[in-house]
Amino acid sequence: MEAALDQARLAASHDEVPVGAVISRNGDVLARAHNETVARRDPTAHAELLAIQQALQVAASDRLDDCTLYVTLEPCAQCAGALVLAKVGRLVFGAYDEKGGMCGSVGDVVRNPRLNHRVTVQGGVIEEACGALLTAFFKSKR
């Protein structure tokens, strides 16, 4: 999770919303990413999505069922859907997103029993540090 927080800090240094993600398998890091929506001029370039794309390439697979995705903010609907489609085994996130989080806060895409894959979820890991980074970033924008 600390590596994901490092990625979030990197995002902030590039004036991106400070969200970072890391995907690991058996202790090995497959992918690291941070939000790049501004740099890519692409509102879908979220840290989770970029990390999933990288990890799939490294794993030479279309599924990540034996992987854990660590991310500093609870994933949105787009990213939660990508977690299900990539069949990510486990999600660990930092700050809850009461306005857009789709892994327990607003909705729960990743554990919907009607879908063909469910992700194991652990939220609130180093939540204060992850939330403080986001709060400071948005406060500087006001």
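Contact here means that heavy atoms lie within 4.5 Å of each other, and angles run from 0 to 180 degrees between N-to-C directions. With these two ideas in hand, the architecture of this predicted model can be followed step by step. Helix α5 lies across β3 and β4, and runs at about 60 degrees to β4.

Strands of a sheet pair through backbone hydrogen bonds, either parallel or antiparallel. In this structure, five strands form an open sheet in the order β2-β1-β3-β4-β5, and the pairing is mixed. Its edges are β2 (28-34) and β5 (120-122), each of which pairs on one side only. From one strand to the next, the twist averages 15 degrees.

Both kinds of pairing can be picked out by eye. Strands β1 and β2 run antiparallel and are joined by six bridges. Within this pair, I23 has A31 of β2 as its bridge partner. The hairpin of β1 and β2 has two residues between the strands, and N26 takes a positive phi there, near 50 degrees. Strand β3 (residues 68-73), by contrast, runs parallel to β4 (residues 90-95), and five bridges join the two. Here Y70 stands opposite V92 in β4. Helix α3 (residues 47-59) also packs on the sheet, where it touches β1 (20-25), β2 and β3. The direction of α3 makes about 145 degrees with that of β2.

Side chains of opposite charge can pair when their charged atoms come close. The cut-off used for a salt bridge is a side-chain nitrogen of Lys or Arg within 4 Å of a carboxyl oxygen of Asp or Glu. By this rule, the model has six salt bridges. One of them joins the side chains of D15 and K141, at 2.3 Å from N to O. D15 sits in the loop between α1 (2-13) and β1, while K141 belongs to helix α5, so this pair ties together parts that are 126 residues apart in sequence.

Helix α5 (residues 127-141) supplies four lining residues, the largest share. Sorted by class, the lining comprises nine nonpolar, six polar and six charged residues.

Technical notes: Residues numbered from 1 in each chain as written. Predicted model: local features only at pLDDT ≥ 70, side-chain atom pairs only at ≥ 80, totals over all residues. Heavy atoms only, no water. Nonpolar A, V, L, I, M, F, W, Y, C, P; charged D, E, K, R; others polar. Pairing = 2+ DSSP bridges.
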